[in-house]
Amino acid sequence: MNARADFTRVSGRLEMAAPAKLNLGLKVVGRRADGYHLIESLFVPLDLADALSVEVAPADRPTVRLKSSVADDALGVPAKLPSGPENLAHRAAEGFLREAGLSWSVSLELLKRIPVAAGLGGGSSDAGAVLRALDALAPGALGRRRLAALGLSLGADVPFFLSPRPALVEGVGERVTPVGGLPRLCLVLANPGQGLSTARVFEAFGSRRDALTRAGSGSTLRSLSDWLAQDPGDSEGCARRLAELLENDLADAARRLCPEIGQIQARLVEMGAQAVGMSGSGATSFGVFANPSEAKSAIRNMTLRGDGWARLAGTWPAR
Ligand code: ATP
């Protein structure tokens, strides 16, 4: 089908999984004139995912409705989430209809499981899943380029979620290069129960030149992804090498805003994590464990305070 295809009678429903992402290392390598930071990071999707149903029908005028609920096994998700245009999933559907000039009604049902404001990309993933679903229901209506531009206009992490698989992400998030052969990692995600806004963490990180990692340090990340792609074999050896490469330039700033992050990371090491890192701008830390039974025992012994939570996750898809 091409851009002139007739979508006026299309109706249908798609069920989508919207996976969380984890940053295996994150370097801040520069700042654009408009203030956006340039990053280099290895993004991996997790088996922790929101469930999204997208139903479309022809209508007199474009309309978007969103109903959201919280999954029974969710941790770190507030009882109430925005359901109007403040929700990225809603905004993604509106943007798609507008850009494609489609007069459809779009009904979204979102079952939320990804912890919110936790550095796991939940809102961006929901937006990516909406765009993938609408692109599948109206193939060719936008085309790859316009879809990617729309994704980026919704959020810097959205382009990654247009095709969620392990990838080196560069620029503000628009350059996404898939990385093959990542072994499945067994992870414990742990969060002190405090949402950290990305903007606040970048503000604390500062715009000093000396705060920035020199551009091209992504070579560390590239060597990590090259090395992973070469099949490092046993996941224990993999975790050891990962420990050397998991640096996140935002971690100091996040720990200053939320000292519990440092305590949680120390606890993960005590509990036997082979490598520890922080995802995105926090506050979720992660430990790489040798197997699920060690990871589960670590979760039982984490002793988190207040709304803190810890849960098992794996990188996805497994090979
Ligand atoms: P960011 O790095 O962009 O802050 P994050 O992964 O840390 O992302 P999200 O879970 O996307 O955090 O939530 C960030 C904010 O976005 C929250 O304050 C939330 O109210 C708002 N938001 C909008 N749409 C969504 C959505 N579909 N799911 C979760 N949060 C959403």
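At roughly what angle do the axes of α1 and α3 cross? This is a predicted model in which local features need pLDDT of at least 70, side-chain atom pairs count only at pLDDT 80 or more, and totals for chains, interfaces and linings use all residues. Residues are numbered from 1 along each chain as its sequence is written, and side-chain values use heavy atoms, with hydrogens and water left out.

**Stop 1: α1 and α3**

Select residues 88-100 for α1 and 144-154 for α3. Helices (H or I, at least four residues) and strands (E, at least two) are DSSP runs, numbered from the N terminus. The axes of α1 and α3 cross at roughly 145 degrees and come within 10 Å. Axes here are lines fitted to C-alpha atoms, for helices over the stretch in contact, with angles running from 0 to 180 degrees between N-to-C directions. The crossing of α1 and α3 is right-handed; a crossing has that hand if the near helix is turned clockwise from the far one by less than a right angle, and is left-handed if anticlockwise.

Show side chains next. From α1, L88, R91, A92, G95, F96 and E99 make the contact, and from α3, R146, L147, L150 and L154. Contact means heavy atoms within 4.5 Å. These residues divide into 6 nonpolar, 1 polar and 3 charged. Ala, Val, Leu, Ile, Met, Phe, Trp, Tyr, Cys and Pro count as nonpolar, Asp, Glu, Lys and Arg as charged, and the others, Gly among them, as polar.

**Stop 2: α2 against α3**

Angles over 145 degrees count as roughly antiparallel, under 35 as roughly parallel, 65 to 115 as roughly perpendicular and the rest as oblique. The crossing of α2 and α3 is right-handed. A127, L131 and D135 of α2 meet L147, L150, G151 and L154 of α3. By class, this contact has 5 nonpolar, 1 polar and 1 charged residues.

**Stop 3: α1 against α2**

Now hide α3. The axes of α1 and α2 come within 8 Å and cross at roughly 30 degrees, which makes α1 roughly parallel to α2. This crossing, too, is right-handed. On the α1 side, select L88, A89, A92, A93 and F96; on the α2 side, G123, S124, D126, A127, V130, L131, L134 and D135. The contact of α1 with α2 has 9 nonpolar, 2 polar and 2 charged residues.

**Stop 4: the largest pocket**

The largest pocket has a volume of about 1,100 Å³. Of its 47 lining residues, S124, G155, A156, D157 and T198 are the closest to its centre. Among the elements giving two or more residues to the lining are β1 (12-31), β2 (37-58) and α5 (198-205). The largest share, 4 residues, comes from α2. By class, the lining has 23 nonpolar, 17 polar and 7 charged residues.A pocket, on a 1 Å grid over the protein atoms alone, is an open set of points where a 1.4 Å probe fits, with protein on both sides within 12 Å along at least five of seven lines; lining residues have an atom within 4 Å of a point. Points are joined across faces, edges and corners, and the volume is the space filled by probe spheres set on them.
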